[in-house]
Amino acid sequence: VVLGLAWDSTRERIADNEARRVLAELAAILPPALHDNEPHRDMLVLEKPGDERRQVWRARLDGKPTAAVLTSLAPDGYSGQIRLLVAIAVDGRILGVRVASHSETPGIGDVIEAGKSPWIGTFSGRSLDNPEESRWRLRRDGGDIDAISGATVSSRAVVAATRRAMQYFRRHRDEIFAAPSTSAADIPAV
């Protein structure tokens with residue numbers, strides 16, 4: 001009973017804190033000039049057979065789609081799963097990538113975070129055509145993307161998860177922007 005009362009009394013505060021966290025993450029990778037809607041309220045969850053479950057926040061300007069932010073999971077980080085947010089313009093260019101959560105080694109693998117290294121910013125402006133899709137790998141794996149020294153496994157996981165998010169966006173872009181929004185309260189956390 002005590003746990004139930006505690007949960008009930010803190011439920012709104014927890015939801016408010018979660019909404020603020022999402023707003024901050026979206027603001028970091030979604031330029032305000034690209035939307036006049038509230039992307040944190042224009043969201044949906046897509047579950048496709050054979051693919052991961054993805055939360056998607058959509059940006060619109062004058063009612064027209066301009067960008068989407070997709071979750072992407074890298075299950076193969078050095079210390080476990082890495083959860084990314086990948087902002088993609090309607091034309092397929094990356095606007096930004098941020099690490100939303102991870103368990104990578106402090107001081108080594110955690111340099112995938114924007115606040116610890118500029119590396120994650122190197123994805124901005126890229127697309128599946130820049131470099132070409134087959135080159136979306138680390139240089140040491142025959143691709144065009146530099147790894148973070150000492151964090152090759154983490155780098156490889158982030159690159160692959162970012163590529164998968166872009167591929168998913170390319171395949172489902174029309175559906176992403178056509179689908180109705182879902183209330184944040186109806187969407188379980190990813």
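A: Happy to! Asp62 sits in the loop between strand 2 and strand 3. Keep in mind that this is a predicted model.

Q: What is the phi of Asp62 near?

A: Phi of Asp62 is near 55°, a positive value in a residue that isn't glycine. For background, most residues other than glycine have a negative phi.

Q: And is Asp62 buried or exposed?

A: Asp62 counts as exposed, because its relative accessibility is 65% and the cut-off for exposed is over 50%.

Q: Let's talk about helix 2. Which residues does helix 2 cover, and how far apart are its end C-alpha atoms?

A: Helix 2 runs over residues 152–178, which is 27 residues.

Q: Where does helix 2 bend?

A: At His172, where helix 2 bends by about 75°.

Q: Switching to charges: how many salt bridges are there?

A: The count comes to 16 salt bridges. One of them pairs Glu175 with Lys48, at 2.6 Å from N to O. That pair links distant parts of the chain: Glu175 is in helix 2, while Lys48 is in the loop between strand 1 (43–46) and strand 2 (54–61), 127 residues apart.

Q: How exposed is Glu175? And what about Lys48?

A: Glu175 is partly exposed, with a relative accessible area of 32%. Lys48 is partly exposed too, at 22%.

Q: What does Arg53 pair with?

A: Arg53 meets Glu47 in a salt bridge, with 3.7 Å from N to O. Arg53 is partly exposed at 23% relative accessible area, whereas Glu47 is exposed at 59%.

Q: And which partner does Asp144 have?

A: Asp144 forms a salt bridge with Arg135, and their closest N and O atoms are 2.7 Å apart. Asp144 has a relative accessible area of 24%, which makes it partly exposed. Arg135 is partly exposed as well, at 30%. There's also a network: Asp51, Glu52, Arg54 and Arg171 are joined by salt bridges that share partners.

Q: Nice. Now the inside: how many residues does the largest nonpolar core have?

A: It has 35 residues, and those with the most contacts inside it are Ile82, Leu84, Trp119, Phe123, Trp136, Val158 and Ile176. As a rule, nonpolar side chains in soluble globular proteins tend to be buried together.

Q: Which elements each supply at least two residues of this core?

A: Strand 1, strand 3 (64–77), strand 4 (80–89), strand 5 (94–101) and helix 2 each do. Helix 2 gives the most to this core, with 10 residues.

Q: What is Phe123 in contact with?

A: Leaving out neighbours within four places in sequence, Phe123 is in contact with Ile94, Val97, Trp136, Ile145, Val158, Val159 and Thr162.

Q: Which residues does the second core include?

A: That separate core has 13 residues, among them Ala67, Val69, Ala89 and Leu95.

Terms used
Residues numbered from 1 in each chain as written. Predicted model: local features only at pLDDT ≥ 70, side-chain atom pairs only at ≥ 80, totals over all residues. Heavy atoms only, no water. Helix = DSSP H or I, 4+ residues; strand = E, 2+ residues; numbered from the N terminus. Expected span 1.5 Å × (residues − 1). Bend = angle between axes of the 7 residues up to and from the residue. Salt bridge = Lys/Arg side-chain N within 4 Å of Asp/Glu carboxyl O. Buried < 20%, exposed > 50% of the residue type's maximum accessible area, 1.4 Å probe, protein only. Core = buried A, V, L, I, M, F, W, Y, C linked by side-chain atoms within 4.5 Å. Contact = heavy atoms within 4.5 Å.
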